[in-house]
Amino acid sequence: MKTTFKTLMLLALLGFTAACSDDDDDALKIQAHDQNQMMTVMHDMMAEMETMKMTQDPDIDYAEMMKMHHMGAIEMAELELKSGTNSEMKRMAQDIVDAQKKEITQLDSFLATSTPTTMNMEFHMQMMEGMERMGKQADLQIITGNIDQDFATLMIGHHQSATEMAQMQLLMGKNTQLKSLSSMIVEDQNKEIAQFQSWLLANRSK
């Protein structure tokens, strides 16, 4: 009887150990932010935006900051195209490169012909607060070192920041061409956020 009991306990222990081993295999791997290429792009972009000289004109400051923001997204997307393996993420990365390069052309065209005409400190303060939120949110993200998953994860926050900036321009800006661009950014990037979220839910543990 004692031998049977000991045998059962041993089998149970072995089963528990195997289960723990399986859990370890399935556990989400985490990579330090300062070792991650995608996060480095985010940090470099935010550092550049923080050093931008503000004019206090909502439209001009918005255009300058959105241009830098787009350039960061393009660099992240090009990293995905170079090193990613998932076909859906690579397709989305190419779409981002194509769309945001066109939008940068529009922003450059506006900036080339515009001079400050108004001053709005509320816009300036809200833009700074938005940048701070973006930085904190990025630093809270779990980074795995899997380029496809990191791209999707960080692009969600990146897009959320862009739509927030665009909504601020719609509320406080004056230029009608920029308002049209801002509306398109909000619509397109919210759709992409939903796509990234769905992809991560389906692929996070793979």
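Start by selecting Phe151 and Phe196: both are buried, meaning under 20% relative accessible area, where exposed is over 50% and partly exposed is in between (1.4 Å probe, protein chains only). Before going on, keep in mind that this is a predicted model, in which local features need pLDDT of at least 70, side-chain atom pairs count only at pLDDT 80 or more, and totals for chains, interfaces and linings use all residues. Residues are numbered from 1 along each chain as its sequence is written, and side-chain values use heavy atoms, with hydrogens and water left out.

How many aromatic pairs does a search of the whole structure find? The search turns up 1. Phe151 and Phe196 form that pair, edge-to-face, at 5.6 Å centre to centre with 85° between the planes. As for the cut-offs, rings of Phe, Tyr and Trp (its six-membered ring) pair if their centres lie within 6.5 Å; planes under 30 degrees apart count as stacked, over 60 as edge-to-face and the rest as tilted. The pair links distant parts of the chain, with Phe151 in helix 6 (residues 147-172) and Phe196 in helix 7 (residues 176-203), 45 residues apart.

**Stop two: zoom out**

Switch to cartoon for the whole chain. Of the 206 residues, 43% count as buried. Among contacts between residues at least 6 apart in sequence, 80% join residues at least 24 apart; contact here means heavy atoms within 4.5 Å.

**Stop three: the core**

Now select Met49, Tyr62, Met65, Met66, Met127, Phe151 and Phe196. Of the 53 residues in the largest nonpolar core, these touch the most other members. Such a core is a set of buried Ala, Val, Leu, Ile, Met, Phe, Trp, Tyr and Cys residues joined through side-chain atoms within 4.5 Å. Helix 2 (37-50), helix 3 (58-83), helix 4 (87-112), helix 5 (121-140), helix 6 and helix 7 each supply at least two residues of this core.

Centre on Met65 and show what surrounds it. Leaving aside neighbours within four places in sequence, Met65 is in contact with Met49, Met52, Met54, Met127, Met128, Met131 and Met165.

**Stop four: helix 2 against helix 3**

Helix 2 and helix 3 pack at an angle of about 165°, with their axes 10 Å apart. Axes are lines fitted to C-alpha atoms, for helices over the stretch in contact, and angles run from 0 to 180 degrees between N-to-C directions. The two are therefore roughly antiparallel to each other; under 35 degrees counts as roughly parallel, over 145 as roughly antiparallel, 65 to 115 as roughly perpendicular and the rest as oblique. Helix 2 passes helix 3 in a right-handed crossing. A crossing is left-handed if the near helix is turned anticlockwise from the far one by less than a right angle, and right-handed if clockwise.

Next, pick Gln56 in the loop between helix 2 and helix 3. Phi of Gln56 is near 80°, a positive value in a residue other than glycine. Is Gln56 buried or exposed? Gln56 counts as buried, at 14% relative accessibility.

**Stop five: helix 3 with helix 7**

Bring in helix 7, which packs with helix 3 at about 35°, the axes 12 Å apart. This crossing is left-handed. Asp59, Tyr62, Met66 and His70 in helix 3 meet Leu178, Ser182, Ile185 and Gln189 in helix 7.

**Stop six: helix 4 with helix 6**

Helix 4 and helix 6 pack at about 40°, with their axes 10 Å apart. That makes helix 4 oblique to helix 6, and their crossing is left-handed. On one side select Met89, Ala93, Ile96 and Gln100 of helix 4; they meet Asp148, Phe151, Ala152, Met155 and His159 of helix 6.

**Last stop: Asp148**

Stay in helix 6, where Asp148 is found. Asp148 is buried, with a relative accessible area of 4%. Leaving aside neighbours within four places in sequence, Asp148 is in contact with Glu80, Gly84, Thr85, Asn86, Met89 and Trp199. Draw a distance from Asp148 to Asn86: 62 residues apart along the chain, their C-alpha atoms are separated by 6.4 Å.

Terms used:
Helices (H or I, at least four residues) and strands (E, at least two) are DSSP runs, numbered from the N terminus.
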